[in-house]
Structure formats: structure tokens, C-alpha cells
Amino acid sequence: MARPTLHFTPTQNWMNDPNGFIFYRGKYHLFYQHFPYDTKWGTMHWGHKTSGDLLHWEDRGIALYPSKRYDANGCFSGSALEVDGKMYLYYTAIVYDKINPEDITVSAAGLLASQAMLVSEDGYVFDQSQKRMVVPQFPVIATGEENPAFSYGDSGNVRDPKVWKHGNTYYMILGSQHPDSTGTMRGELLFYTSGDAIHWTFANVYRSDEIRTEMFECPDLFEVDGQTVFITSPFGEECPGNYKDHAWYTTGTFSHENCDLRLDPNLKLIDWGMDFYAPQTTTDEEGRRTIVGWLRMPEALCDDSGNKWIGAFTFPRLVEVREGRICFPPHPNVKKAFSRETGRFSANKPMRISILAQNGARIHVGGFDIAVENGIVQTDRSKVFGDFPSIGTVFQTPRICEASEEIALEIYVDDCIVEVYVNDGEYVISNICYGLNNEFYCIGAHCKMYVGES
């Protein structure tokens with residue numbers, strides 16, 4: 001098969017960040033960063049798929065592609081919003097500062113970034129001639145009595161507009177960076193407001209001496225049960241694992257009156273498997289905050305139709321506040337899809353394994369190993385990850401509970417993806433695996449298995 005059955009993957013070639021995630025006119029629309037000509041990163045387009053349940057996706061082709069002077073070298077990440085029944089797409093428009101003469105799909109130097117948008121009447125037809133630039137290239141100087149010459153933004157690193165509406169006003173958050181007093185680049189967040197979702201005005205900037213990131217990528221700001229939650233994929237946060245950068249969250253407060261953001265500087269990982277990056281959230285058809293993220297893959301696969309592809313999205317997860325902490329349980333539609341109980345594990349079918357694990361438990365899932373020891377959950381994919389010595393294979397949660405307490409695990413297996421939900425999303429460990437087999441055993445735990453419906 002060499003392709004997950006129920007996870008979101010590109011029909012072919014390269015995929016990275018989720019974009020424009022929205023429930024619109026009775027369907028979920030999910031766009032994605034896409035290079036349609038090869039299984040490596042190149043000039044970015046937006047691929048597009050739709051679904052009725054967040055699990056079964058129909059390919060809708062290319063939604064955005066370079067067509068203007070200001071996006072000649074790529075349509076980077078962004079978001080979607082419904083305005084007066086229409087779908088508004090916002091994205092970062094890229095021009096390469098210098099073209100690589102040996103490969104024009106990548107830059108030979110830096111980037112020149114601006115923010116652009118396109119309005120679709122129905123969410124299926126995207127007329128590239130209707131694009132417009134809404135935030136020009138940086139840097140820009142803001143003037144005011146308190147700070148008459150405050151420089152913000154960066155010519156190449158300002159991107160990933162996330163747009164939402166509150167009251168009668170539209171808001172945009174952008175990730176960017178600025179040089180500090182020593183010349184070191186530090187991350188910042190830029191806020192814009194609009195009365196019509198088309199014409200935007202700079203509102204405020206967030207900077208922190210405590211969050212020592214070089215750049216905030218893919219910022220996402222929202223409320224869950226009255227709690228402000230901030231999600232980002234910042235550059236430079238120290239973390240175990242192979243990939244340099246990861247996806248984090250924190251909480252804080254946000255004033256819609258003046259776009260004043262205050263954040264707890266103690267960032268926390270969204271997913272402890274370290275392949276997870278660039279997540280985006282939306283509200284589902286029942287208003288629940290829902291998140292998906294990109295799972296980075298070191299090697300492309302080929303499906304039964306001969307299509308080569310690389311990159312996958314996690315199952316959709318909810319964002320919940322539970323006893324004061326943020327949790328990421330699987331979306332109810334995911335559990336619903338795994339209802340048929342079975343007594344036999346098969347790596348050729350999507351599977352859900354429900355486990356109540358005691359201290360010392362050992363679970364072997366097709367070569368992927370899980371251990372529970374002294375209140376810590378550890379995963380090991382070294383047997384099913386091929387020859388990628390530079391990429392981490394063993395990951396674990398912090399200590400969750402006392403050794404005498406049981407830990408609930410929900411393990412989802414779908415071809416090359418294994419997602420482990422600990423205590424219904426208190427922690428999540430997602431891993432890309434290659435070569436899972438049909439071997440299964442469970443020691444020190446109660447186990448039930450279910451087959452997913454394709």
C-alpha cells in the first residue's frame with residue numbers, strides 16, 4: 001500500500017505545512033504547502049482537499065500558484081476565513097532575492113516577503129487574477145508619540161498570516177523577527193486589524209526577552225474555554241531529537257482592543273515524537289477547536305498507483321483545557337472510525353489499540369516499541385525507521401504519574417504513521433515509521449484492538 005488510509009497525504013510529490021484549514025459550507029477544506037513537480041521542497045503552491053469527516057479526503061487540485069510579481073517564487077503558508085459567504089485565503093507571497101541558476105525553484109540568497117490574499121466565491125474556484133497584496137514588504141517604520149521611530153518586521157522573514165474575526169473587527173497575526181541590541185535576530189509577532197478583511201492597518205507588536213526564539217513560524221492565537229492559547233513553531237528552541245525546530249504552545253492573555261499580547265514564557269511541546277511541525281487550528285462544525293500538524297518524513301514513498309509522495313498530516317485533534325492544562329485528544333471522528341473490534345493486529349490496515357498500562361508494561365506494535373516505566377511513556381522506532389542515523393528514534397514524555405498508577409494509551413497505526421495518545425491527549429507522541437510488520441505483543445497491560453473503516 002505504502003500510503004496511510006485515513007491520514008491526510010498529498011496525492012503525489014512534496015507536502016509540508018497545513019494551510020487554510022476551515023469548515024466552510026458543510027465541508028472541511030484543508031490546503032497545504034505543495035511542490036507539485038518533485039518529492040523535495042521547491043517553489044511553493046497550495047494544494048487543496050476537502051472532506052466531510054476530517055478523515056476521508058477528496059483531491060481538489062492546486063488552489064494557489066505563483067502568478068504575480070510579488071508571489072513569483074512561491075505562495076507560502078497562511079489561513080482561510082469565511083466572509084459574507086465567500087472564502088478568503090491569506091498567504092505569504094515570496095520573491096527570491098537571488099535566483100539559483102542551477103535550480104530556479106529555490107533561492108540562492110534570501111527572500112522578499114509580503115502578505116497577499118485571494119477571494120473565492122465558492123471555495124473551489126480560485127481566480128489567480130483576483131489576488132491582491134494586503135501587507136507590503138518589510139521593514140516598515142511605525143511612528144507615534146511614544147516611539148517615533150520603531151522599526152519592525154523583516155524583508156524576508158515575516159510570514160504565515162493567521163486571520164480571525166472578533167466582534168466587528170478582523171485580526172491578523174504574523175511571525176517575524178528583528179535584531180536586538182547585539183545584532184542577534186529575535187522573534188516577534190506583528191498584529192494587524194481590518195474592518196473589511198481586505199484593508200489592513202498595523203496595530204501592535206509582541207516581543208519577549210524571555211522567549212529566546214530567532215523567529216516565530218506559523219503563529220496561531222485563539223481562545224478555548226476562556227483561556228488564550230498561542231501555538232507556534234519557533235526557530236532555535238532547544239529540544240531533543242533530530243529536527244532543529246518543533247511545535248510548541250503556551251497560554252497568556254490578549255486584548256482585542258489594542259492587540260496587547262502577554263504570554264507565559266514557558267513553552268511546552270505539542271507533540272513529543274519530534275516529527276510534528278507547523279500545526280494549524282480551526283473550529284469544527286460543532287465549534288470545537290481542532291488542530292492538525294505536519295509529520296516530517298525523511299524518505300518518499302510510492303503507492304500502489306505509482307505515485308511518489310512525501311509528507312503527512314496527523315489525525316485531527318481537539319484542543320481542550322483540562323484541569324488547567326492544555327490537552328490534545330483525538331477528534332471524536334477519529335475514534336468513531338475505529339469501531340470494529342478485532343483480535344489480531346495487521347500492519348496492512350488502520351488500527352486503534354486501546355491499552356491500560358501498568359508500570360513496567362511493554363508493547364510491541366509491528367516493530368515499534370512502547371514502554372511504561374516509573375510514570376514515563378517511552379517510544380522506540382529504531383527497528384522500523386530504516387537507515388537514517390541522523391534522525392532520532394527514541395522519545396519519551398516527562399513523568400506523568402506515580403509508578404503505581406496506570407496510564408491509558410490509545411495507539412493509532414496507519415501504514416507509516418504511529419500516534420500514541422497518553423491519558424486521552426495529556427501527551428501525544430507521533431512517529432513516522434517505515435517497514436512495520438504484523439508482530440504484536442503486550443506485556444503488563446490490558447489491550448483491545450479495533451480496525452479503522454476506510
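**Strands 12 and 13.** I looked up how strand 12 (residues 169-179) and strand 13 are joined, and found that they pair in the antiparallel sense over ten bridges; strands here are DSSP runs of E with at least two residues, numbered from the N terminus, and two strands pair if DSSP finds at least two bridges between them. I noted one of the partners: Leu-174 has Leu-190, in strand 13, as its bridge partner. I reminded myself that strands of a sheet pair through backbone hydrogen bonds, either parallel or antiparallel.

**How I am reading the model.** The model is predicted, and I kept in mind that local features need pLDDT of at least 70 and side-chain atom pairs count only at pLDDT 80 or more, while totals for chains, interfaces and linings use all residues. Residues are numbered from 1 along each chain as its sequence is written, and side-chain values use heavy atoms, with hydrogens and water left out.

**Leu-189.** Which strand holds Leu-189? I found Leu-189 in strand 13 (residues 185-194), where Leu-189 is buried because its relative accessible area is 0% (buried means under 20%, exposed over 50%, partly exposed in between, with a 1.4 Å probe and protein chains only). Leaving aside neighbours within four places in sequence, the contacts of Leu-189 include Ile-173, Leu-174, Tyr-206, Phe-216 and Leu-261, where contact means heavy atoms within 4.5 Å.

**Thr-50.** I next checked Thr-50, which lies in strand 3 (residues 45-51) and is buried, with a relative accessible area of 2%. Its side chain makes a polar contact with the side chain of Arg-60 at 3.0 Å (a pair of N or O atoms within 3.5 Å, one able to donate a hydrogen and the other to accept it within protein, with residues adjacent in sequence counting only if both atoms are side-chain atoms).

**Cysteines.** How many disulfides does the structure hold? I found zero disulfides, a disulfide being a pair of cysteine sulfur atoms within 2.5 Å. For Cys-327, the nearest cysteine sulfur, that of Cys-401, is 14 Å away, whereas for Cys-442 the nearest, that of Cys-447, is 4.7 Å away.

Technical notes. Helices (H or I, at least four residues) and strands (E, at least two) are DSSP runs, numbered from the N terminus.
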